[in-house]
Amino acid sequence: MNKISENEIFFETMRSGGPGGQNVNKVATAVRARWDFENSLKLNDEQKELIRQRAKNHYRRHYTKEGILIVKVMETRSQEMNKQMALDVLQEIVNDALTITMKRKETKPTYASKERRLEGKKIKSEKKKIRRKEIEF
């Protein structure tokens, strides 16, 4: 698939929440990555449209009306690792959006599956008959 160019992504760092002691209070380890895919040179119009459609439906929390994908990562205490993880998440979103899934072809049930279904229905029916006889006075 298309590899996202790191120079097209704007990184913003901030202090991370959660546990971590003084490291959380002093060091900006959380990373927010913004990628304006609408102005990307690596994607053609068809690919941009695919990403746009998938982003609207599946990645609403990552997608803005202006066509910018945003990912925030604050998993680790290392800014570099969080930056790499943000890149990986963006790449995963793009790969997922550009992957064309095949439609499932409907098939008829096999003879054996029909037989198993009918056999199961017979067994349940017998159980119900036995219970009915026990209740009658």
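A cavity is a set of grid points where a 1.4 Å probe fits but cannot get out. The exercises below concern a predicted model.

**Exercise 1. The cavity**

Task: State how many cavities of 30 Å³ or more the count gives, find the volume of the largest cavity, and sort the residues of its lining by class.

Solution: 
- Step 1. Rolling a probe the size of a water molecule over the atoms shows where empty space is left.
- Step 2. With the cut-off at 30 Å³ or more, the count comes to one cavity.
- Step 3. The volume of the largest cavity is about 40 Å³.
- Step 4. Its lining consists of Asn 2, Lys 3, Ile 4, Ser 5, Glu 8, Trp 35, Ser 40, Lys 42, Leu 43 and Val 94.
- Step 5. Sorted by class, the lining has four nonpolar, three polar and three charged residues.

**Exercise 2. The order of elements**

Task: Give the number of helices and strands in the protein, and write their order from the N terminus on.

Solution: 
- Step 1. The protein has four helices and three strands.
- Step 2. Read from the N terminus, the elements follow the pattern β-α-β-α-β-α-α.

**Exercise 3. The sheet**

Solution: 
- Step 1. Strands of a sheet pair through backbone hydrogen bonds, either parallel or antiparallel.
- Step 2. Six bridges join E1 to strand E2 (residues 30-36). Ile 9 stands opposite Trp 35 in E2, and Trp 35 is also one of the residues lining the largest cavity.

**Exercise 4. Val 27**

Task: Locate Val 27 in the chain. Is Val 27 buried, partly exposed or exposed?

Solution: 
- Step 1. Val 27 sits in the loop between helix H1 (22-26) and E2.
- Step 2. Buried means under 20% relative accessible area, exposed means over 50%, and partly exposed lies in between.
- Step 3. Val 27 has a relative accessibility of 36%, so it counts as partly exposed.
- Step 4. Ser 16 is eleven residues from Val 27 in sequence, and their C-alpha atoms are 8.1 Å apart in space.

**Exercise 5. The whole protein**

Task: What percentage of the residues in the protein is buried?

Solution: 
- Step 1. The protein has 137 residues, and buried residues make up 27% of them.

Methods
Residues are numbered from 1 along each chain as its sequence is written. This is a predicted model: local features need pLDDT of at least 70, side-chain atom pairs count only at pLDDT 80 or more; totals for chains, interfaces and linings use all residues. Side-chain values use heavy atoms; hydrogens and water are left out. On a 1 Å grid over the protein atoms alone, a cavity is a set of points where a 1.4 Å probe fits but cannot get out, and a pocket is an open set with protein on both sides within 12 Å along at least five of seven lines; lining residues have an atom within 4 Å of a point. Grid points are joined across faces, edges and corners, and a volume is the space filled by probe spheres set on the points. Ala, Val, Leu, Ile, Met, Phe, Trp, Tyr, Cys and Pro count as nonpolar, Asp, Glu, Lys and Arg as charged, and the others, Gly among them, as polar. Two strands pair if DSSP finds at least two bridges between them. Helices (H or I, at least four residues) and strands (E, at least two) are DSSP runs, numbered from the N terminus. Buried means under 20% relative accessible area, exposed over 50%, partly exposed in between (1.4 Å probe, protein chains only).
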